[in-house]
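Subject: Structure handover

Hello,

Here is the structure for your files. My notes on a helix pair and a sheet follow below it.

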Amino acid sequence: MPGHPASRSNSRSHSHVHPLRRPVRRRTARLRATALGTALAALLVPALAACSGETAAAAGGGNATLKWASSYFPAHWDPVVSGSGAQFRELALVYASLTRTDAKGNAVPDLAKSWDYNSRGDQVTFHLRPGLKFGDGEPVNAAAVKAAVERAKKQKNSALFGDLTSIRSVDAEGLDAVVHLTQVDYQIPQLLGERVLQIASPKAAASPAKLDQSPVGAGPFTVTQLIPGTKAVLKKNPAYWDAKNIHIDQVELTSAPDASTVVSGLRTGVYNFADIAPSQADAAKKAGLDVFVQPGFNANNISLNINKAPFDDSRVVDAVRYAVNRKEFVDKLTFGYGEETDQPFPKGYVAYDPESADTWPYDPAKAKKLLAEAGHKAGDIKLDLVIPAEDPQAEIVQSQLAEVGITVKIKIDKNWATPFFAKDLTLSLYGTTGRDSALQTLTAHFGPDGPLNLSSPYEPAGFEAAVAKVRGTPLDAADYPAVLRAATRAGLKSGALVFTYSSPNLFAKSRSVSALPKNPAHLDWTGVTVTGGTP
């Protein structure tokens, strides 16, 4: 859930995680579109429609234009300010990182061609590709990496501070960026990818306010026009290290209007790519569009504060666990495109723990029995469910808990983030897009200082030791998957979170746009082609 903490300390806590709550986010996009109103309809849509016939010939020539309508159009183009939420995908058009993610979720080379650790595991050196330049001609070197890390750690309005606590300092040695760590941590290559360390030109970043309006990176595209909050036009960057595999000549990124208008725009060729709400999937399919779910790490949960009554009684916590019918969330909120989940990772991912699956199955009768054992009659427990905006998830939680005798009142507080991150709430909801580092996902949810842990400083027994073992295990070690799953298992013993469902990364595209690589949570345009025409 989106929130804007009022204090500096809360802002830094909030930086660890950036929520994805599709229904709320979609409404936010609609409100923004409504504010633009007729002006967009009269000015922007016809202008784009006029361009629709200009899409092009595929990789081999012409003007191959990706026309992307996004519900996550960046509010900020400075990656340090924008943070590591869902909008990192849009910023990745402009910015490259030390690493990126492959189809298995592993870190692979991006600006760094390779990396290696010292024998102790508390220092990692990234070796940059030679001859690369930012869009303003500045060299891509270790000094740029050092500047990016220091800015993310120290800039007053940084949303990335909390993501980089394992990094003590960076030494720049030509094309070698030597990263000194505060502890043994083999997760750093996973961490310093597109989500957390999109690297801007140090010259451009010397004025963060200007960078926010005129982004300069070393990614696959460069910005030629930016209308804040509305539209960005980008062209292919011939100096990008992998430019030979970028077959899109131009990108028109537009802030998505109403969901139904997006589908109409896709059908007529105003757009050829867009994220869509699950409620629009059938309409998109009937319009002849390709509808697909991009793999991801989205996970929604019910957050409990076990430091406050009634959740200071483990029987009440367990009653809530058994009261949750995950299928109802999937059916009503995702139209079957999402998935039930009882962990912060999807099935098949290296961190997903099969041993922990279905530990708390839906069993309202057992929930009622536990409440009775705890001395509570139906209606005795009355709770406020505090959220920042209207959300149909809250109504489902309210209904399911009512079924077992717990009365829930939904309270909307636009300043919700302040009490949530101060751990003052008793009951709330949260959802995130996850992290490329599985360990970072775990510590954010279950660690004593985890921003998603409403019960801080509580952590489940054995979690700290399990986390330390993961940090000390190289990613390519034979036992790494087992060590990581053991940490997931330890974290899931927490009484502070009840996972419910995974909202889908749902997209629709014209048939003129070829299939994207299935990199989890990312949109990778490598190898993607755009040919002429509407569906």
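**Helix pair H11 and H13**

The axes of helix H11 (residues 314-323) and helix H13 (residues 364-373) come within 8 Å, crossing at roughly 165°. Axes are lines fitted to C-alpha atoms, for helices over the stretch in contact, and angles run from 0 to 180 degrees between N-to-C directions. Helices (H or I, at least four residues) and strands (E, at least two) are DSSP runs, numbered from the N terminus. H11 and H13 are therefore roughly antiparallel (angles over 145 degrees).

On the H11 side, the contact (heavy atoms within 4.5 Å) is made by Arg315, Val316, Asp318, Ala319, Tyr322 and Ala323. H13 contributes Pro364, Lys366, Ala367, Leu370, Leu371 and Glu373.

This is a predicted model: local features need pLDDT of at least 70, side-chain atom pairs count only at pLDDT 80 or more, and totals for chains, interfaces and linings use all residues. Residues are numbered from 1 along each chain as its sequence is written, and side-chain values use heavy atoms, with hydrogens and water left out.

Four strands form an open sheet in the order E4-E5-E7-E6, with antiparallel pairing (two strands pair if DSSP finds at least two bridges between them). Strand E4 (112-117) and strand E6 (167-173) are the edges. The twist averages 20° from one strand to the next.

Strands E5 (residues 123-128) and E7 (residues 176-181) are joined by five bridges. Histidine 127 has aspartate 176 of E7 as its bridge partner. Helix H5 (residues 142-154) lies across E5, E6 and E7, at about 155° to E6.

Best wishes

Conventions: Angles under 35 degrees count as roughly parallel, over 145 as roughly antiparallel, 65 to 115 as roughly perpendicular and the rest as oblique.
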